Amino acid sequence: MLGVDHAAQAMTPDMMDSFVLFYRALLGLLPDAPWELPDPYGLVSSRAFVTADGSLRLPLNVSESRRTGTGRFVSAHAGAGVHHVAFIAADAAAAIDAAASQDAPLLDIPENYYEDLAARFDLDDAAVAALARRHLLYDRDTAGGTFLHAYTHAFRDRFFLEIVARAGGYAGFGAANAPVRMAAQRRLGPKG
C-alpha cells in the first residue's frame with residue numbers, strides 16, 4: 001500500500017454543518033458535490049471535502065435512518081466516527097491478490113454487478129472476469145480517469161477497509177458503486 005487515499009466518517013445529520021465549517025476553516029478543504037446514496041434501508045447523504053491537490057480526502061456521510069449502515073454505525077458509537085479507511089495501491093489487482101492470499105475477508109460482489117458493468121462501460125469479457133474474480137468494483141469518469149476498488153467485510157458491523165487504485169486523474173470515490181457495496185454488506189448481516 002502506498003498510503004491512505006481517504007477516511008470516511010459517519011455522523012448524525014445535525015453534525016454535518018459543524019464538520020463542514022471545521023474542515024473548511026481549519027484545513028482549507030474544498031467541498032465536492034453532494035451525493036445521495038441508496039442503502040437497502042434508506043438514503044445516505046455524502047459529501048467529500050478535499051485539498052486542492054487531492055492529497056487529503058474526507059467524505060462525510062449522514063443518514064436519517066438508523067437502519068442504514070451509516071445510521072447503525074452512529075448508533076453503535078453514540079456519535080460520529082471514521083467508518084472506513086481506503087488505502088492506495090499502485091496495482092489494485094496485485095493488492096487484492098496479496099490480500100486474498102492472506103485470507104482477508106473480501107466483500108463478495110453480486111454477479112449481476114459485473115454484467116451491468118460490461119454494458120455500462122463496454123468492457124471486454126476478460127476484463128470483467130478479472131474484476132469479478134477479485135471482487136473489484138470499477139468506475140470511469142467523463143475524462144477517462146478510472147477507479148478500481150474493493151472492500152473487506154465490516155468488522156463488528158462498524159468498520160471496514162477499502163483498497164483503491166486511481167488512474168488518469170480520477171478524483172471521485174466510486175459513488176456509483178456505493179449502493180452495490182452497501183447491499184453486499186447488508187447481506188452479510190449485522191455480524192458481517
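Which side chains does a polar contact of 2.7 Å join? I looked this up and found the side chains of Ser46 and Asn61. I counted as a polar contact a pair of N or O atoms within 3.5 Å; within protein, one must be able to donate a hydrogen and the other to accept it, and residues adjacent in sequence count only if both atoms are side-chain atoms.

**Entry 1: basis of the entries.** I worked from a predicted model, in which local features need pLDDT of at least 70 and side-chain atom pairs count only at pLDDT 80 or more, while totals for chains, interfaces and linings use all residues. Residues are numbered from 1 along each chain as its sequence is written, and side-chain values use heavy atoms, with hydrogens and water left out.

**Entry 2: Ser46 and its strand.** I placed Ser46 in strand E4, residues 42-50. Helices (H or I, at least four residues) and strands (E, at least two) are DSSP runs, numbered from the N terminus. Is Ser46 buried or exposed? I recorded Ser46 as buried because its relative accessibility is 12%; buried means under 20% relative accessible area, exposed over 50%, and partly exposed in between (1.4 Å probe, protein chains only). Not counting residues up to four places away in sequence, Ser46 touches Ala33, Pro34, Trp35, Leu37, Pro59, Leu60 and Asn61, where contact means heavy atoms within 4.5 Å.

**Entry 3: partners of E4.** I then followed the pairing of E4; two strands pair if DSSP finds at least two bridges between them.
- E2 (residues 30-31) pairs with E4 in the antiparallel sense over 2 bridges, and Leu30 stands opposite Val50.
- E3 (residues 35-39) runs antiparallel to E4 with 5 bridges, Leu37 stands opposite Val44, and a hairpin through 2 residues joins E3 to E4.
- E5 (residues 57-62) is antiparallel to E4 with 6 bridges, and Arg47 stands opposite Leu60.
- The hairpin of E4 and E5 has 6 residues between the strands, and Gly54 in the turn has a positive phi of about 75 degrees.

**Entry 4: nonpolar cores.** I noted a general point: in soluble globular proteins, nonpolar side chains tend to be buried together. A nonpolar core is a set of buried Ala, Val, Leu, Ile, Met, Phe, Trp, Tyr and Cys residues joined through side-chain atoms within 4.5 Å. The largest core has 26 residues, and those that touch the most other members are Ile109, Tyr113, Tyr114, Leu117, Leu123, Leu131 and Tyr138. Among the elements that give two or more residues to this core are helix H4 (111-121), strand E9 (160-167) and helix H6 (178-187). A second, separate core of 12 residues includes Met16, Phe19, Val20 and Leu60.

**Entry 5: helix H6.** I listed the buried residues of H6 as Ala178, Val180, Arg181, Met182, Ala184 and Gln185. These buried residues pack against E3, E4, H4, E7, E8 and E9. Val180 is also among the residues that Ile109 touches, not counting residues up to four places away in sequence.

**Entry 6: Gly172.** I found Gly172 in the loop between E9 and H6. Gly172 counts as partly exposed because its relative accessibility is 24%. Leaving aside neighbours within four places in sequence, Gly172 is in contact with Phe147 and Arg166. Gly172 and Arg158 are 14 residues apart in sequence and 23 Å apart in space, C-alpha to C-alpha.
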